[in-house]
Amino acid sequence: MTATPASAGTAAGSTPLLDSVTGAVREIVGRRLHPQPTAELVGAALRGHLGAPGLLAAPHCEGHPDRYRQHLLHREPDGTFSIVALVWLPGQRTPIHDHVSWCVAGVHQGQESEQRYRVVSDGPTPRLVLFEEVLNPVGAISAIAPPGDIHRVRNAGAAKAISIHVYGADVAALGSSIRRTYPAPPEGT
Ligand SMILES: [Fe+2]
């Protein structure tokens, strides 16, 4: 869910726990399954590490005062997946967006509010409808794949939030994990 305005960070430094996650993701991606089962397996592999104190190096936990911040944690050499940490200060959010690939998001610290949308074609032009809003605490996993992956995420809490995201693409080369953004629909629709 990395948005264009996110501040990119590539601070060096991995951890044994992060290396373990990377190895598990590599094994799953190597099975060459369809996107949705791949995302669900990656989510299951990530879940047990969320909230662990040693998962992230300290520089990867730093936010930005103006916008949520992305830290690139791993870029698979063959481009098949990427892992980033997103750091959100209170109130920071993404636009409504979808993704270039399957996507797994796991909350590592704090809590995130996620609004999920679908496109409804019941009139002259398709429209976006909010169908679900969930509060994701530490340990929560969201595993999604296009189509049907339109959402917006924000830190609705009073403290810093950090989430780990795995994408089935080289987001560093692409510049973003976002395929497109959408204007917010009117309230109540
Ligand atoms: Fe996203």
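Colleague: With the side chain of which residue does Asn 136 make a polar contact through its own side chain?

Modeller: Numbering runs from 1 along each chain as its sequence is written, and side-chain values use heavy atoms, leaving out hydrogens and water. A polar contact is a pair of N or O atoms within 3.5 Å; within protein, one must be able to donate a hydrogen and the other to accept it, and residues adjacent in sequence count only if both atoms are side-chain atoms. At 3.2 Å, the partner of Asn 136 is Glu 114.

Colleague: Is Asn 136 buried or exposed?

Modeller: Buried means under 20% relative accessible area, exposed over 50%, and partly exposed in between (1.4 Å probe, protein chains only). The relative accessibility of Asn 136 is 13%, so this residue counts as buried.

Colleague: In which strand is Asn 136 placed?

Modeller: Strands (E, at least two residues) and helices (H or I, at least four) are DSSP runs, numbered from the N terminus. The protein chain has three helices and 11 strands. The run over residues 127-136 takes in Asn 136 and is strand β7.

Colleague: Which residues coordinate the iron ion?

Modeller: Donors are N, O and S atoms within 2.8 Å of the metal (3.2 Å for Na, K and Ca); water is not among the atoms, so sites may look incomplete. Along the chain, the donors are spaced H-x1-H-x51-H. Through their NE2 atoms, at 2.1 Å, the coordinating residues are His 97, His 99 and His 151.

Colleague: How many residues apart in sequence are the parts that His 99 and His 151 tie together?

Modeller: Both of these histidines are buried. His 99 lies in strand β4 (residues 96-99) and His 151 in strand β9 (residues 150-154), so the distance in sequence between the parts is 52 residues.

Colleague: What is the radius of gyration of the protein chain?

Modeller: This radius is taken over C-alpha atoms, and the globule rule is 2.2 Å times the number of residues to the power 0.38. For 189 residues, a compact globule would be near 16 Å, and the protein chain agrees, at 16 Å.

Colleague: Over which residues does pLDDT stay under 50?

Modeller: The mean pLDDT of the protein chain is 90, and 92% of its residues reach 70 or more. Where pLDDT is low, the predicted coordinates should not be read in detail. The stretch under 50 is residues 1-11.

Conventions
Predicted model: local features only at pLDDT ≥ 70, side-chain atom pairs only at ≥ 80, totals over all residues. pLDDT = per-residue confidence, 0-100. Contact = heavy atoms within 4.5 Å.
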